[in-house]
Structures are given as C-alpha cells and as structure tokens.
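Dear colleague,

Please find below the structure that I am handing over to you. My notes on it follow directly after.

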Amino acid sequence: MVDVIRRFKFGLVGILALCHLLSCTRAEAKGQGAEGLVRDLITLIKTAEQQRWQIDHYEYEDLMSDALILVCVADKETRDAALAHLARSQETLGGEPSKHWSEANKDEAKIKELMTISRSKTLLIKSLDVAQTRCPFRLTQKPIYTERHRVTDRFFMAFQGGGLMNIRFSDENRAGGGGSGRIDFGYGFGPFWSLRTGLEMGGAGLFDEKIDAGDIDLMFYFATPITLRHRQRLWHQDIEIAPVALGLPWQDEMRFGGRIGGLFGLTYSRLGMIQPWGGLKVAAEYIPDQKGRDELLIMRLGLRFGFDLHL
C-alpha cells in the first residue's frame, strides 16, 4: 500500500510538473510580444536578403509597407522592448557593421548575422519614425502582439505538391518519375514547432532496367501523413510518418504499409493569409509481403512547394 501511495505521489508530481511546463511555455509564447515582433522583422529582412540585398534606401522603402503592418498593431511597450532587444543583439555581435565588414569576411556567419540584426533594427527605427502619420485607423494597437509570419498558437491549413523520383526495390527493381499533392490541417505550438496532418494522393510511372516505353508500371498511392515541423528563421525541418496504401480502391487489391520521411526547406514571409515555402523531401516506404506478393521498399525524393494558409 505504501508503495502504491508513493507511486501515486510521484505520478501526481510528474503530471503537475508537466502541466506547469506546458502552461509556462504557452504563457511565454503568449507573452513574447516583443520577441514576436523581432522575429517578424527578421523574417522580412532575411527574405529580402535571400533575394539579394542591394541599395539600402530602396530595400527599406520596399519593405516599409510590410514593416508598418507589424509596427502599427504593436503598442509602445512592445515597440520599445523590440528596439532594445535588437540594439542589445547588435552590440553583442560587435556594434556598427561598417566597422567590421570587408570583402574578405563578408560571407562569415557572424558578419551575416550582424548585418541581418542591424538591418532589422534600422527597419524598425524607420517604421517607427513614420508610424504616427502612416498607420491607418484600421490597424489598432493591441496589448499582446501576435506574430504575423509564424503560425504561433493558431490553426492553419497547408497545401503542397511537387514532382518525385521514385525507386521501388523488390524482386524486380523499377524506377521512374511522378508526383503527389497534399492538403493538411495543423496547429502551431509556439513560434518554433507545428504539427500537421492530412491526406496525400500521388502516382508514378516506373520502368525496369530496359526502359521499355511499352512496359510502364503505373503506381498510385494514398497516405495520411503526420508531420512535425521545426522552424528556425527561414529554414525549417520536417519529420513525417504515415500509413500508406498502394493501388486504386475501385480497381486494385489494395496493399498497405508505412512511411518515414523528412524535408529540409525555406519558409518565406507571409503574403496576406498565405505563407509560401519550398524544400527537398526524402522518404522511404515499406510494404510488407501480403497474400504472397513481394515485399516492397520504395524511395521517394524530390522538390516540394506549398503554402500555409493562416486561419
């Protein structure tokens, strides 16, 4: 009896600790108004840098409308805290970029980071300078800043598609090209993690080693993937698992198996409700021996393009 009570106490303490951690994490995410604004500004700058940053004046001018959408809804406390955060980060990295930048070191990670932080701070200062006169009455200040360029604590839909190279290993190995499309529904757990699940449909035409056009094996498949995404600034990484069904339900005897896969890609700044992204996907599917039919190992590799629809 004492042992049971002891285990119950340990279990209760564990549950309370987990609840406290989750509540703190959500409270931290909800309370990160200034840090959310900083991340949003950095996303704008990093997206512009990916497209090649050229003349400062015109780059800031092109970004001003998007920056004001962020700044106009942030209250004074959030704006001041975000500016202080960027100023501290810049000082930690060395201060004024012009004192450190050279042709020899321009590609070093520390110099690139200093340039990004400095540009983000400058964009914030420039937008604050005109916010009083340029912010429309429709964009009212809110006590808690909600990140615009991440799915933090919100539901979203996602759509993706793209071509895939397919290699099927069995007694008769085949390879070929195809593609698939997917619709997902997901939720963002804080600024760095999101979970999504949905329905995928795809197909491929597979050739044997003779590459005989008259001997193409058409393969259709369905999957219900569950994807965990980790996002940094623009880069993101996916881990995916999924049950998979091969064949057409109204025509073939279906075969079932599983998939594990991953994706490495870029998420860009949001355009309206749409946030585009792209990446390189690799996945492996295993279909066990069923009713005397050979087991299959299928590799899929290709570029994926999609967008998250913020709800």
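How many aromatic pairs does the structure hold? The structure, which is a predicted model, holds 6 aromatic pairs. Rings of Phe, Tyr and Trp (for Trp, its six-membered ring) pair if their centres lie within 6.5 Å; planes under 30 degrees apart count as stacked, over 60 as edge-to-face and the rest as tilted.

One of these pairs is formed by W235 and F264, which are stacked, with 5.0 Å from centre to centre and 10 degrees between the planes. W235 belongs to strand β6 (residues 235–246) and F264 to strand β7 (residues 255–267), so this pair links distant parts of the chain, 29 residues apart. Helices (H or I, at least four residues) and strands (E, at least two) are DSSP runs, numbered from the N terminus. W235 is partly exposed, with a relative accessible area of 38%, and F264 is also partly exposed, at 46%. Here buried means under 20% relative accessible area, exposed over 50%, and partly exposed in between (1.4 Å probe, protein chains only). Elsewhere, F155, F185, Y187 and F189 form one aromatic cluster.

Two arginines have a charged end over a ring. R229 sits over the ring of W277, 4.4 Å from its centre, and R300 over that of Y221, 3.7 Å from its centre. The criterion is that NZ of Lys or CZ of Arg is within 6 Å of the ring centre and within 35 degrees of the ring normal.

A search of the whole structure finds 1 disulfide, that is, a pair of cysteine sulfur atoms within 2.5 Å. C72 and C135 form this link, with their sulfur atoms 1.9 Å apart. C72 lies in the loop between α3 (56–71) and α4 (76–93), and C135 in the loop between α5 (109–134) and β1 (155–169), so the link ties together parts that are 63 residues apart in sequence. C72 is buried, at 2% relative accessibility, whereas C135 is partly exposed, at 21%.

As to confidence, the mean pLDDT (the predictor's confidence in each residue, from 0 to 100) of the protein chain is 88. Confidence is lowest in helix α1 (residues 2–31), at a mean of 41, and highest in strand β5 (residues 226–231), at 98. Where pLDDT is low, the predicted coordinates should not be read in detail.

Residues are numbered from 1 along each chain as its sequence is written, and side-chain values use heavy atoms, with hydrogens and water left out. Local features need pLDDT of at least 70, and side-chain atom pairs count only at pLDDT 80 or more, while totals for chains, interfaces and linings use all residues.

Yours sincerely
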